[in-house]
Amino acid sequence: MANKSLFSTSLLSLGFCMLVTTASLSHSSQIKSLKGLHEDIAIGEIDGVKLSINIAFPKTFSKQPRPVLLMIHGGGFLKGDKSQNNKRIQKMTQLGFVAASAMYRFAPEHKFPAALDDIKLAIRFLKANADAYHINPQRIILSGASSGSYLAVMAGVTGNSDAFDDHGLYTEFDSTVHAVAGQSAPIADFRLAKYSGFALIKRLLDTDSGNFQHSLAELSPITYLDPQDPPMFLTHGDADPIVPVEMSREFVQELAKTGHSYEYYELPGGTHSFTQSVPEQAKTAFESYRRFIQKWAK
């Protein structure tokens, strides 16, 4: 009887091991099938708006979970589409990233912090699906230009802040990221009088609110800056007619005060678009950007 019991137990153990092995192989096969561009992946719904993300996967399989580059499109907070970045995110997979582009809600219908909440949701979504997508949730890097860079910086400095709503979506995950890269970013201290007429304020805030100064502080990245925030890579053209270069200069000064790890490159003669105004300098800036994201992906 004892031998029979032992034999039955062995069969059960063998069956369990085979089940686990089969499940493991199935999961591995699913991961290996994740190649190329996958569009319009649903990530959640906020205030009746169904949000989605595009994700591009490398052509080759990696035993180690890959780092993630989340690219945020521009458009002045008024327009744009995550698909604008499709070619970029597919190109970035050649550097070993799983790269993504997330949608967000636009002004004036959706005021601050709607767009930021959406990007923070995209970060939590990626972390929640880290195993399924074979990505490293501790190696998420944000990247953007213009309004996209504002959202990248703001998401970076508010990852450890409880000042924003998670809307009940993926609440067990935080929105901290490992590094941030931004170009021509409108990252001013908006409490300063010289920025009172800046378009971002008018588009994102209710100027008739009872405590407008408090709203300006909430809109300003400097409000949330602390030494635990991620390293940053910032570039700006000194002839930018849309976003004053002083915004990046002043923010970099604050980064220095808090002992942040950062890189800042100012392009002489550069306007809001580097490729159109200073194409040769743009190539150099991109190489510096590439080195930065690869450094922090490791």
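Start with contacts along the chain, where contact means heavy atoms within 4.5 Å. Among contacts between residues at least 6 apart in sequence, 74% join residues at least 24 apart.

A word on the source. This is a predicted model, in which local features need pLDDT of at least 70 and side-chain atom pairs count only at pLDDT 80 or more, while totals for chains, interfaces and linings use all residues. Residues are numbered from 1 along each chain as its sequence is written, and side-chain values use heavy atoms, with hydrogens and water left out.

The chain has 10 helices and eight strands. Those are DSSP runs numbered from the N terminus, helices being H or I of at least four residues and strands E of at least two. Of the 298 residues, 47% count as buried. Buried means under 20% relative accessible area, exposed means over 50%, and partly exposed is in between, with a 1.4 Å probe and protein chains only.

Next, the cores. A nonpolar core is a set of buried Ala, Val, Leu, Ile, Met, Phe, Trp, Tyr and Cys residues joined through side-chain atoms within 4.5 Å. The largest one has 63 residues, and Ile53, Tyr150 and Phe190 touch the most other members. Helix α3, residues 114-128, gives the most to this core, with eight residues. A second, separate core has 15 residues, including Leu69, Ala179, Phe233 and Ile293.

Now helix α5. How many of its residues are buried? The count is 11 of the 11, so α5 is largely enclosed by the rest of the structure. Among the buried residues of α5 are Ser147, Gly148 and Tyr150. Helix α5 (147-157) is also part of what covers the buried residues of α7, as is α6 (199-204). In α7, residues 212-219, the buried ones are Ser215, Leu216, Ala217 and Leu219.

On to empty space. Rolling a probe the size of a water molecule over the atoms shows where such space is left. The search uses a 1 Å grid over the protein atoms alone: a cavity is a set of points where a 1.4 Å probe fits but cannot get out, a pocket is an open set with protein on both sides within 12 Å along at least five of seven lines, and lining residues have an atom within 4 Å of a point. Grid points are joined across faces, edges and corners, and a volume is the space filled by probe spheres set on the points.

The largest pocket holds about 1000 Å³ of space. It is lined by 31 residues, and the closest to its centre are Met71, Arg88, Ala145, Gln183 and Thr275. Which element gives the most to that lining? That is α10, with six residues. Other elements that each supply at least two residues include β3 (66-72), α2 (86-92) and β5 (135-145). By class, the lining has 12 nonpolar, 16 polar and three charged residues. In this scheme Ala, Val, Leu, Ile, Met, Phe, Trp, Tyr, Cys and Pro are nonpolar, Asp, Glu, Lys and Arg are charged, and the others, Gly among them, are polar.

There are two cavities of 30 Å³ or more.

Ile46 lies in strand β1, residues 36-46, and is buried, with a relative accessible area of 2%. Leaving aside neighbours within four places in sequence, Ile46 is in contact with Leu51, Arg105, Asp118, Leu121, His167 and Leu169. Ile46 and Leu121 are 75 residues apart in sequence and 9.7 Å apart in space, C-alpha to C-alpha.

Asn86 lies in helix α2. At 12% relative accessibility, Asn86 counts as buried. The Asn86 side chain makes polar contacts with the side chains of Glu39, at 3.1 Å, and Asn54, at 3.0 Å. A polar contact is a pair of N or O atoms within 3.5 Å; within protein, one must be able to donate a hydrogen and the other to accept it, and residues adjacent in sequence count only if both atoms are side-chain atoms.

Thr176 sits in the loop between α5 and β6. Thr176 is partly exposed, at 29% relative accessible area. The side chain of Thr176 makes a polar contact of 2.8 Å with the side chain of Asp174.
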